[in-house]
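Subject: Structure for you to look at

Hello,

Here is the structure I said I would pass on. Please open it beside this email and follow along.

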Amino acid sequence: MSNLKVIGAGLGRTSTKSLQKALHTLGFGPCHHMSEILTESNPEVLQKWKKIFLEHDVELLKLELEAFQACVDYPCCMFYKELMELSPDAKVILSVRDSPEQWEKSARSTIMKGSEALPSGDLGDVLAASLSLMIRVHGADMHSLETDLQQKYTEWNESVKAHVPSDKLLVFNAKEGWQPLCKFLGVPVPSEPFPVSNTTADFNKVIDKALTGQLKQGELDF
């Protein structure tokens, strides 16, 4: 068993940072996001994530997520099936974009730009291991221009919908705002606007700093 109440199965660039903020507001924090790894400075923790990626070590993943009530984005979306087994009462959110074309455009401009600029050191090792995990899970190199990202995105979403029981699944576009999310989670709708963050420009500024070791925790509120 784990402490997770919400599992995000949506791929990166499906407003996962906005969803993370929304879950915090609704009382489901802390919520894990790939940004947690990008700012991790402890080499031992980074090596644990490397082991999780390379060996698909679910028990170690469970330990790393002990302090979290929710998770979204990479890498946890890659493990959503295993996390469901560890947290059978958790609800699953499949975050999506308006269309496969829109997702590909965003992904090609950000997370799928290429792996040639990986930093050196422990963070670079972890990111390289994460690419290996993505290849295993998706069955293709998602950073290759030869890969049909729209097809992979569609296949992923359909596989999630086929695997997760309908009463535990919310297919969610952040443009829908608070109402469907709050109804699904059984919580009141906040008075504040639904969070909107992590545009392509914002993402690339943050990643440039992360790859050069200049990113600080406070700068992740993008």
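Below is what was found in it, from the whole chain down to single residue pairs.

Please keep in mind that this is a predicted model.

The whole chain

The protein chain contains 10 helices and five strands. Of its 222 residues, 51% are buried. Its accessible surface is about 10400 Å², and carbon and sulfur atoms hold 51% of that area.

Look next at helix 6 (residues 100–109) and helix 8 (residues 149–163). Their axes are 9 Å apart and the angle between them is about 115°. The crossing of helix 6 with helix 8 is right-handed. From helix 6, the residues that take part are Pro 100, Glu 101, Trp 103, Glu 104, Ala 107 and Arg 108. They meet Leu 149, Gln 150, Tyr 153 and Thr 154 of helix 8. By type, this contact is made up of five nonpolar, two polar and three charged residues.

Salt bridges

How many salt bridges does the count come to? The count is seven. Two pairs within helices and one further pair are described here.

Elsewhere, salt bridges with shared partners join Lys 51, Glu 55 and Asp 57 into one network. Lys 51 bridges to Glu 55, with the closest N and O atoms 3.1 Å apart. Because Glu 55 and Lys 51 are four residues apart in helix 3 (residues 43–55), they are separated by about one helical turn. Lys 51 also bridges to Asp 57, where the closest N and O atoms are 2.6 Å apart.

Lys 51 is partly exposed, at 34%. Asp 57 has 18% relative accessibility and counts as buried, because the cut-off for buried is under 20%.

Regards

Technical notes
Residues are numbered from 1 along each chain as its sequence is written. This is a predicted model: local features need pLDDT of at least 70, side-chain atom pairs count only at pLDDT 80 or more; totals for chains, interfaces and linings use all residues. Side-chain values use heavy atoms; hydrogens and water are left out. Buried means under 20% relative accessible area, exposed over 50%, partly exposed in between (1.4 Å probe, protein chains only). Accessible areas come from the Shrake-Rupley method with a 1.4 Å probe; for residues, only the protein chains shown count as cover. Axes are lines fitted to C-alpha atoms, for helices over the stretch in contact, and angles run from 0 to 180 degrees between N-to-C directions. A crossing is left-handed if the near helix is turned anticlockwise from the far one by less than a right angle, and right-handed if clockwise. Contact means heavy atoms within 4.5 Å. Ala, Val, Leu, Ile, Met, Phe, Trp, Tyr, Cys and Pro count as nonpolar, Asp, Glu, Lys and Arg as charged, and the others, Gly among them, as polar. A salt bridge is a side-chain nitrogen of Lys or Arg within 4 Å of a carboxyl oxygen of Asp or Glu.
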